[in-house]
Amino acid sequence: MSDGVSDDDKSKIGRRNFLTTAALSAAAAAVGSAAGASAAEAQTINCAPVAGSVAWKQPGNNTHMLALNSGTPTNKGAVTIEYFGHCAFKLTSPSGLTMMFDPWRNDPSGAWGLWFPKEFPRTVVDICLSTHTHFDHDAIDRVDATSVLDRMIGTWSFADVKITAVPDKHSTDAPGWYKWINAVKEFGADPYPPNNPGHLDMVSFVVETGGMRILIWGDNRHNPPEEVWKQWGKIDVLTLPVDGSQHILSYQQGNAIVDRLKPKVVIPTHYLAEGTSVTLSTLQTADEWVKSQKSKKTLTAPKLTLDSSEMASMDREFLYFGNQASHG
Ligand SMILES: [Fe+2]
Ligand SMILES: [Fe+2]
C-alpha cells in the first residue's frame, strides 16, 4: 500500500482513525481538527482509540420519556426555544419532550485555540443531537440525555416530535477574510465533496412539533442539491450561521437562503457573544447582519416561546438572541 497501511490494518483501526493515519501526519491531525476534525481524530493519532462513551456515568434515567410514551401526541401548543449560545438550542415540545442540539466545547487538540471561556453547562434533556463532528457542535458528553442522536440520518419520531435528519456537506467557501478551509488543504486533505474528510459531512435537522417546522442548519453549505431543499420543505423557523466575519455563510448567502425558504422566523447562530464565545474564535457578532434586515427584534432573554397560531402573520422576522444565552 502506498499509504503504508495494509487493508487488514485498515479494517481494524476504523474509518476515522484511518483518515487520521492516512491523510494527515500526527502533527497535522491536531490542525485537521480545526474547522475541524473531531476529538476522536486528535486522540487517536497512534491508532489506539482512547475515547469512549461516558454515558454510563450520567445521572438520572428514562422515567420522563416513559411518561411521554403513554401520552397522546398533539400538534397544538407552544414550543420553547432556549438558546445556549453558538449553535446550541434546547427545544421543548408542547408535550414536554426536551431536545438539545449542538452543544459546544473547545477544540480538544488545541489547534484551533480557545473559542469558549467556559465549559458547556451540564444539562439534562430527553434527546441530544449533533449535526457534525466539529468541536463547536459535538460536546454530547456534556449533556445527560436518554437518547443521543449523533449525526443521525433519516427520520425519528416520538411523542409529539418528528425529526427528519437530512445528510449533506459542510460549507467550504469560507467567504470572510479568514480562510480556515485552507488549513484543511495545507495538511493534505481535499475538503470538497465527494472526497472530503468525514468531519466535513453534515446533517441538518427538520424538527416538526407544535404545528411548526424548525430547521437546525448546523454549518451546512449554502448551495445543497435540490433533493436537500425538497426534504427541508416548508420551514417556519430557520436557524442560520451568519456572523460579521462570515465564517460559515456570507451575508449574501444567508439572505438568499432566507428569501428562498421564506420562514416566519429567522434565528441567527454561530456568532461572537459576550459570555459564550471569545475573540480568539475570530467570529464577530451578528449585529450588522440583523440590522440590515427589514423585520427584527433583539431578545432580552435566552428563552423564546413560539405558538404556531400566533406566528401565522410573521414573515422573515429576525429574532436575535444577541448576548443572551442560558448557562444551565
Ligand atoms: Fe463546522
Ligand atoms: Fe461550527
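**Close-up 1. D219 between two iron ions.** In this predicted model, D219 bridges the iron ion (ligand 1) and the iron ion (ligand 2), which lie 3.4 Å apart. H134 sits in the loop between β4 (123-130) and β5 (143-150) and D219 in the loop between β9 (212-216) and α7 (226-232), so the pair ties together parts that are 85 residues apart in sequence. Helices (H or I, at least four residues) and strands (E, at least two) are DSSP runs, numbered from the N terminus.

**Close-up 2. Donors of the iron ion (ligand 1).** H132 (NE2), H134 (ND1), H170 (NE2) and D219 (OD) are its protein donors, 2.1 to 2.2 Å away. Donors are N, O and S atoms within 2.8 Å of the metal (3.2 Å for Na, K and Ca); water is not among the atoms, so sites may look incomplete. Along the chain the spacing is H-x1-H-x35-H-x48-D.

**Close-up 3. Burial of H134 and D219.** H134 counts as buried because its relative accessibility is 0%; D219, at 2%, also counts as buried. Buried means under 20% relative accessible area, exposed over 50%, partly exposed in between (1.4 Å probe, protein chains only).

**Notes.** Residues are numbered from 1 along each chain as its sequence is written, and chains are lettered from A and ligands numbered from 1 in the order in which they are written. Local features need pLDDT of at least 70, side-chain atom pairs count only at pLDDT 80 or more, and totals for chains, interfaces and linings use all residues, while side-chain values use heavy atoms, with hydrogens and water left out.
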